Amino acid sequence: MKGGSLLCTDEYCRHYLREVEAKENQKYRHKPSCPRGGGVGGHPIGVDYYSPIKLNFSTTPPFRIWGRSGPLSKTTGSSRVDSIWRSRCCEAALAVGVAVWILVGVDGSEASDQPELVGPQVQEVGQGADSLQEKSGLEAIERSRRQIKRMLAVLAAENGTDPTAIIGQLSPRTRYQNRETNERLQEIFRVNLPLAPNVILRVDAPFTYQIPKDPNENSVVGWGDLRARLGWRVLNSIDGSLFIGSEFYFPTASNSQLGSNQYQIGPAVVGSVHLPDLKSTVFLWIEYLTAVTGRGLSTDETSSSESRVRLRVNTIWSKEWWTFVESRLFIDYTENAKTGMVLFFEGGRRLDSHWRLYVRPGVGLWGRDVPGAFNYGVELGVRYMFYVF
């Protein structure tokens, strides 16, 4: 006895068991019982290796556990194959389960970390998308504003209400003014002739019928002073334009009461700014006139020296209609810089591609006796517009 087991002690048993053990290891089968009832090498004998092992030995060799729970038991034929198949399936299922658990565990850990790692990126992408949308919206608004500015410039030029435009114009107009000392009814012929893409010449020739308010005086009819403007548009941008030029007054009046009797000259500056939100254009121009020679300089008459400041807000209501409001400030330096102001309003309609019709009432606010100012008046005219350059 050794540890409660019977052991083989002779050399024959040991040799036989080694051969059988080698064969059985190749077949994955248990060792049969020792034919001589002994044991060798600590292996138990007297055990049926084709049936479950149920021994109560005090020491159990390791192979007993293998024999009890191994892949083969006391089965033969198809039952043994089924047992092997079930065992292999269990092992495969176990392997698949472990692989799935690993993958799910990894994915789950990544998913749990995803909000911390990807969240800021997603938020940054969202903010980037918002910023792109905002930028595209601002660009669309800016494009729209530029289109409106271009429309304001083109329509104001074609309607004849832009003093900085280089566009041809033939404009007969009838003007009535109620002054402090007389009433005037004038027929004015205006020609705007472009001389170059940025140079223009304007000429006004008034024919005047003057009725004095003093009944002792006689009415006067005839041509007034010829006025001309030669100017150069030095700046023309999408936001506005700048025009500089010179004003010329020629003493061509057929009667001294219808003109200044002096040659007058002076600079003029006109600037414009487009306001797309109001669909309007603001014009500001300043003129200064002074006498250089003439009958007034050789007599006791005082030579003229005056300034005119105009502010106009031209609004485009549609392709056919426009209005503007204009204030004119007159400053007479020969009368200690006495001032007068007149307010004008013009409404006009585009008849076709060339012809325009307008009406322009005006009212004096103060200084109605200053040269150029009046009590009230109205002007009605047509414009024939044409392009040269």
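Me: Which residue does Glu-326 form a salt bridge with, and how far apart are the closest N and O atoms?
Reply: Glu-326 forms a salt bridge (a side-chain nitrogen of Lys or Arg within 4 Å of a carboxyl oxygen of Asp or Glu) with Arg-312, and their closest N and O atoms are 2.6 Å apart. The pair links distant parts of the chain, with Glu-326 in strand S10 (residues 321-332) and Arg-312 in strand S9 (residues 305-316), 14 residues apart; strands are DSSP runs of E of at least two residues and helices runs of H or I of at least four, numbered from the N terminus.

Me: Are Glu-326 and Arg-312 buried or exposed?
Reply: Both are buried, meaning under 20% relative accessible area, with exposed being over 50% and partly exposed in between (1.4 Å probe, protein chains only).

Me: What is this based on?
Reply: This is a predicted model, in which local features need pLDDT of at least 70 and side-chain atom pairs count only at pLDDT 80 or more, while totals for chains, interfaces and linings use all residues. Residues are numbered from 1 along each chain as its sequence is written, and side-chain values use heavy atoms, with hydrogens and water left out.

Me: How many salt bridges does the count come to?
Reply: The count comes to 17 salt bridges.

Me: What about Lys-149, which side chain does it meet?
Reply: The Lys-149 side chain meets that of Asp-239 in a salt bridge of 2.5 Å, N to O. Lys-149 lies in helix H3 (residues 78-159) and Asp-239 in the loop between strand S5 (226-236) and strand S6 (240-250), so the pair ties together parts 90 residues apart in sequence. Lys-149 counts as buried at 9% relative accessibility, whereas Asp-239, at 39%, counts as partly exposed.
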